Amino acid sequence: MKRLVMILSAAFAFAAADPSAAPAQTPGPSEKGLAQSHDRNRVLLVFAPSAQDPAYLEQTKLWKNEKAGFDDRQLVVVPVLADVRGAEAPNVLALEKKYGVDAKAFGVVLLGKDGHDVYRSARPLRADVLYAAIDAMPMRRAEMKHSPAPAAPT
């Protein structure tokens with residue numbers, strides 16, 4: 001589990017000066033890694049041609065301060081960058097094929113805890129839209145019902 005939530009600043013570079021403010025990320029995309037997260041985490045695949053893609057950069061800005069919201073929803077970000085070479089390249093190609101995302105396109109795919117594709121966007125996704133999609137899921141509703149209410153701000 002620790003491996004699943006390590007921060008990978010090189011692959012998904014947030015503009016934040018404090019890396020602890022960024023949502024949790026996995027160390028690299030793989031179907032095996034995604035399968036291991038089933039029942040524990042929701043996975044957000046962020047497809048982009050490169051880490052310099054304008055839509056990818058916009059997405060990182062939109063989620064820059066969302067660590068608490070992502071953690072609360074047990075959401076892990078997995079960047080899937082088409083320009084990755086070496087050992088990760090086969091995983092990137094397999095994920096692009098599996099989820100039908102063109103290597104030259106930006107896309108966000110939300111996977112539920114059961115591993116199913118539950119939400120997609122071809123444009124950068126605001127956190128409130130993402131949270132609404134997650135919070136409408138039956139499993140998330142049950143989680144919210146059984147978890148203690150957050151403490152009031154002081």
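Trainee: How many aromatic pairs does the structure hold?
Mentor: There are 2 aromatic pairs in this predicted model. One of them joins Trp-63 and Phe-70 edge-to-face, 5.5 Å centre to centre with 65° between the planes.

Trainee: Is Trp-63 buried or exposed? And Phe-70?
Mentor: Trp-63 counts as buried, at 0% relative accessibility. Phe-70 is buried too, with a relative accessible area of 0%.

Trainee: Which pair do Phe-70 and Tyr-131 make, stacked or edge-to-face?
Mentor: Their planes stand at 80° and their centres are 6.1 Å apart, so this pair is edge-to-face. It links distant parts of the chain, as Phe-70 lies in helix α3 and Tyr-131 in helix α5, 61 residues apart.

Trainee: What sits over the ring of Tyr-131?
Mentor: The charged end of Arg-73, 3.8 Å from the ring centre. Tyr-131 itself is buried, with a relative accessible area of 11%.

Trainee: Switching to the sheet, what's the strand order?
Mentor: The order is β2-β1-β3-β4, in an open sheet of 4 strands with mixed pairing. β2 and β4 each have a single partner strand, so one side of each is left without a neighbour in the sheet.

Trainee: How do β1 and β3 pair?
Mentor: In the antiparallel sense, over 5 bridges. Leu-44 stands opposite Leu-110 in β3.

Trainee: And which strands does helix α2 touch?
Mentor: Helix α2 packs on the sheet and touches β1, β2 and β3, with its direction at about 145° to that of β1.

How values were computed
Residues are numbered from 1 along each chain as its sequence is written. This is a predicted model: local features need pLDDT of at least 70, side-chain atom pairs count only at pLDDT 80 or more; totals for chains, interfaces and linings use all residues. Side-chain values use heavy atoms; hydrogens and water are left out. Two strands pair if DSSP finds at least two bridges between them. Helices (H or I, at least four residues) and strands (E, at least two) are DSSP runs, numbered from the N terminus. Contact means heavy atoms within 4.5 Å. Axes are lines fitted to C-alpha atoms, for helices over the stretch in contact, and angles run from 0 to 180 degrees between N-to-C directions. Rings of Phe, Tyr and Trp (its six-membered ring) pair if their centres lie within 6.5 Å; planes under 30 degrees apart count as stacked, over 60 as edge-to-face and the rest as tilted. Buried means under 20% relative accessible area, exposed over 50%, partly exposed in between (1.4 Å probe, protein chains only). A charge sits over a ring if NZ of Lys or CZ of Arg is within 6 Å of the ring centre and within 35 degrees of the ring normal.
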